[in-house]
Structure formats: structure tokens, C-alpha cells
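Subject: Handing over a structure, with notes

Dear colleague,

I am passing on to you the structure below, and after it you will find my notes on what came out of it. Please read them with the structure open beside you.

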Amino acid sequence: AWLYIDQMDVSLPLLSWRAAEEATDKIHLPPSALERLHGVIGGRTEGDEAAPIVLKVSPSKPCPSAPLAEVYGGIGEFTAEEDCAVIPQWMVATLGLEPNTRLLLVARRLPLGESCSLRVMNPVSLEESDQRAMLEAGLSRYTTLTQGSRITIAEGTMLDVFVSAVEPGPACCIINTDMAVDLQMDLKPAPVPDTVIHLQRKYLLLSTLCVRFAYFSCKATLSPE
């Protein structure tokens, strides 16, 4: 069963952090965090309409040059060492975290996502990989999407994905919801005539795990080397 928060935001004590090379938004917490949340969070089944609890992550001292001041992530395991949260590396870059910066984590619910726009920053050739399957499988490891963040998708190939828009924004839950996903890629294949070819494809994504997308739109721009 997922964990759900009923009414109010719940703040955890400030924690230090350690990065992990994981293609997910899951945040691993110390066992004491579960005790902190236990009194205000109720257990419900996955079939309930309420969105699962997620964590708003922000540094105790914001970095002025960081792309974002806060991001959202799902809860992983309560196996981290005390006074420490284990977060994915992409969160470190997005928040501009310094080694001695402590994290403020707030448990809350987000609205269920309706649509999002994703841009692959280091795309692979369409002939080399099924982009639809990669994104669908990769996003099944995420609980949330935050507009303006750059997340990591790892399905054989590592993809750097910029979340350019989400509805409703600025962040949403992508568990137990049907989402329209618009994917944009800039590809550089073998030499082609001096013209730009615009491709637009639509796929029907099948349900996998708890992530379901209504449709998947792929826009690719092919340009010569």
C-alpha cells in the first residue's frame, strides 16, 4: 500500500544529504523519518483516488544560481543513515547543492498529472532505440515531475530529460493517472539533404505498473551534421 497524507504538510528535521546515481526521484530516508510521519499519515490502498505522499525538497540555504529552488520526489526506503537523506544526483544539480548544505523535506500531496512536455537533451537515434518504450519504462520509476527540472532516464541508454512543462504545475504526481506526454528531440543522424525534416508521431501507451499515459506525442527535428 502507498502512504497517504490526509490534511497538512509535515516537515522533517533538517537533514544532511548523500547523492546516488539513480535514475529515479525516490528519496531514501532514515528510520526515524518513518516514526515522524507515522502519526499523521494513514495507510490506504493503491486504488484510492488520493495521490500518494511525496516530498518537497529544498536546501536550507538556496543557491541563487541553481535552476530551481525546490523539487519534488517520491519516498524510497527508510534505510538511510540517521540525519541523512539519499537523493538522486540530478536533484543535486537542479538545486545547486553544496556539500555542507542541509535539506528541508516537507511531506505533502500533489495534484495528479494531466499532461507534460519532455525534451531529451542527449537523444539517441530513433533507429537505435524505441524512444516510446524507453520513456514509458523510465518514468515508471518516478512518482513526480517538477517543471524546470532535468531528470535522468536509464533504460540501456542514459537519457538527460528536461521537464519543460507539466499540467497542473509547477509539479504533479504521475502515479495512478492518465497523462498526455509530449516528447521533443533534436537528432543528428547521418548526412541528409540541406533541409530540415519534421517528424510527428503518436502512440498509444499501454499501462505499466502504476504509470498510465493517455497518449504519447513525439516531435523530432532531424538536421544534418
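Where is Pro-168 found? Pro-168 is in the loop between β12 (157-167) and β13 (171-173), where helices (H or I, at least four residues) and strands (E, at least two) are DSSP runs, numbered from the N terminus. Before going further, please keep in mind that this is a predicted model, in which local features need pLDDT of at least 70 and side-chain atom pairs count only at pLDDT 80 or more, while totals for chains, interfaces and linings use all residues. Residues are numbered from 1 along each chain as its sequence is written, and side-chain values use heavy atoms, with hydrogens and water left out.

Asp-83, in the loop between β6 (71-73) and β7 (84-88), has a phi near 65°, a positive value in a residue other than glycine. With a relative accessible area of 38%, Asp-83 is partly exposed, a term that covers the range between buried (under 20% relative accessible area) and exposed (over 50%), with a 1.4 Å probe and protein chains only. Asn-176, found in the loop between β13 and β14 (177-187), has a positive phi as well, near 60°.

Thr-24 lies in the loop between β3 (16-20) and α1 (31-38), and it counts as buried because its relative accessibility is 9%. Leaving aside neighbours within four places in sequence, Thr-24 is in contact (heavy atoms within 4.5 Å) with Pro-88, Trp-90, Arg-141, Tyr-142 and Thr-152. As for Arg-141, its backbone oxygen lies 2.6 Å from a polar atom of the Thr-24 side chain.

For the protein as a whole, there are three helices and 16 strands, and 47% of the 225 residues count as buried. Among contacts with a separation of 6 or more, residues 24 or more positions apart account for 79%. The protein exposes about 11100 Å², of which carbon and sulfur atoms supply 53%, by the Shrake-Rupley method with a 1.4 Å probe.

How values were computed
Polar contact = N/O pair within 3.5 Å; in protein donor to acceptor, adjacent residues only side chain to side chain.
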